[in-house]
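Here is a short report on a predicted model.

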Amino acid sequence: MTALAHVPTGSGQPAAPPASRRGRSRLLPYLLLLPGAAWLAIFFALPLLQLAAASLYDSDGSLATGYDMTWAFGNYPEALQAYWPQFVRSLVYSAIALALALLMGYPLAYAIAQKAGRWKNLLLVAVVAPMFTSFLVRTLAWKTILSDNGWVVELLRDVHLLGPDGRLLATPAAVVLGLTYNFLPFLVLPLYANLERLDPRLLEAASDLYASPLRAFQKVTLPLSMPGLIAGTLLFFIPATGDYINAQLLGTPNEYMIGNVIDSAFLVRLDYPQGAALSFLLMAAILAIVFVYLRKAGTEEVL
Amino acid sequence: MKLSRWLADRWVMGVALLVLGYLSLPIMVVAGLSFNRPANRLSYDFNEFTLDNWLQPCATSDMCDAVGRSMLIGLIATVVATVLGTLMAFALVRHGFKGRAGINGLIFLPMATPELVMGTSLLALFVAAGVPQGFWTIVIAHVMFCVSFVVVTVKARLAGMDRRLEEAAMDLYASEWQTFRRITLPLVLPGIVSAALLSFSLSFDDFIITNFNAGTTVTFPMYVWGAAQRGIPPQVNVIGTAMFAIALLLVGASSLQGRRARRAALAATVPARQTAKSGS
């Protein structure tokens, strides 16, 4: 940059572009946006409308005979009634997984951001490294780790946390553990990005003013990390609630979540109106939780 | 006071390392199982060491076909999504236009929508429109969910760029095209490359959206899903380990190159600074 300062800056003020070019440059942004925006409009927005329509089709129709649009709003309460347990289970499992992920992810993000020194980049790579390999293959690896004759189960049996016939695989614990594992990096990364900007002098100031480390965390670190915490929680919670791979591979039908039901509605039972209604209920539930959470977290940040 | 802080430091680092252990355990298991000769088709336990899986990765040819198909889909989807997304990023950072909020919403929403909802809604659209599902519907779906990530990645790079470099080029009588070709593009390229790599890995690994829009076409994740019910061939772990190793090599190479580039830049600026100083 220093060298550039010595370069004579030509004619000083650039001449105004000719009129024809100005016309083109006004059109240019729209031309640049058009292909991408059209793709998203046709293959993201339009399908959502079609899904909304499908959720109101006559549920007596079938894929073979075709569906009639009867504005059957009754599909929603019917679907909810039939699959209430799976619906609640999805929210409960992902909430427990989120709590576990916060307990693990906050110290991890904090350590990398503030304590890692020159190992920072290496540790960051270690956080995202699991995502380098296939989601399904990684999830299947938990089948080996949690297997009935694996060392984890044996250890837990030895310390009597599990009964002699107790198992981990095909239990809610396995599904929650899998969810926690699979989406933890999504929580850690935004949190890290936020904590990295935390000025350590603020903590020194707090401790100079006789704040205990715990109090300094409560009053300084935690409030300042709120934006990262909110982003991370949402990035964790949204995919975890909609996930059905963990429930399918690590659980049994007793652990099935709403995703398993939607998958079978569309691909096995071919009950499109019900599948569509459940998809929308899932989205509505997530949006409602996100909205309430953002409002609540927002006020806490102000306080 | 000092002791408690020392302990607090070590305590946080200790927890962090434990969590990293939890995160990397499955990869180690996958790598280990790639050398396993399973006792039977449905067993997930380590049984006996063998190199067979690595020597004959395509013993189950369906699996290698699925891997090839996933790579092809990933390649096509990456090229299309990277072009569309990069154009959008340029428009968003460099130009003023009406309807910015709407466009931002259209880009942000796919990243916040559960995959399940995107998958089922596309299925509903394709069925309603009578489009047969298969290879190309998968490509369409993958481009759709990759575009937003490309826009975000390239936008970040573009926004952090020093506009004065382009102005300097224009002042030195470079045409608009020359400035773009010689200055803008090389500077944005790292952003575009990481966007493309991100797109490819998202596409290659996608299961949920693909599952609803694949018809009878089998990608690698679809293959693993189906095989989980019939019994997983150990070669799946070879693919998993190889993917991991390749990605790790790419990251290592890029960080090495970044370090070298930084050192070269430093070496170039130091004499310049010295001459500037002595000149003034």
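## A helix pair across the chains

Helix H6 (residues 135–145) of chain A packs against helix H10 (residues 220–230) of chain B. Their axes lie 9 Å apart, at an angle of about 30 degrees. Angles under 35 degrees count as roughly parallel, so H6(A) is roughly parallel to H10(B).

Which residues of H6(A) meet H10(B)? They are Leu136(A), Val137(A) and Leu140(A). On the H10(B) side, the partners are Pro221(B), Val224(B), Trp225(B) and Ala228(B). This contact divides into 7 nonpolar residues, with no polar and no charged ones.

## The contact as a whole

The contact between the chains takes 75 residues from chain A and 72 residues from chain B. On the side of chain A that touches chain B, helix H2 (residues 19–54) of chain A gives the largest share, 20 residues. That side of chain A divides into 56 nonpolar, 16 polar and 3 charged residues.

## Chain B on its own

Chain B has 11 helices and 0 strands. Its radius of gyration is 24 Å, well over the 19 Å that the globule rule gives for 280 residues, so chain B is more spread out than a compact globule. The C-alpha trace of chain B spans about 80 × 65 × 45 Å along its principal axes.

Buried residues make up 38% of the 280 residues in chain B. Take the contacts in chain B between residues at least 6 apart in sequence: 76% of them join residues at least 24 apart.

Technical notes. Residues are numbered from 1 along each chain as its sequence is written. Chains are lettered from A and ligands numbered from 1 in the order in which they are written. This is a predicted model: local features need pLDDT of at least 70, side-chain atom pairs count only at pLDDT 80 or more; totals for chains, interfaces and linings use all residues. Helices (H or I, at least four residues) and strands (E, at least two) are DSSP runs, numbered from the N terminus. The radius of gyration is taken over C-alpha atoms; the globule rule is 2.2 Å times the number of residues to the power 0.38. A residue is buried if 20 or more other C-beta atoms lie within 10 Å of its own, exposed if 12 or fewer, and partly exposed in between; C-beta atoms are placed from the backbone. Two residues are in contact if their C-beta atoms, placed from the backbone, lie within 7 Å. Ala, Val, Leu, Ile, Met, Phe, Trp, Tyr, Cys and Pro count as nonpolar, Asp, Glu, Lys and Arg as charged, and the others, Gly among them, as polar. Axes are lines fitted to C-alpha atoms, for helices over the stretch in contact, and angles run from 0 to 180 degrees between N-to-C directions. Angles under 35 degrees count as roughly parallel, over 145 as roughly antiparallel, 65 to 115 as roughly perpendicular and the rest as oblique.
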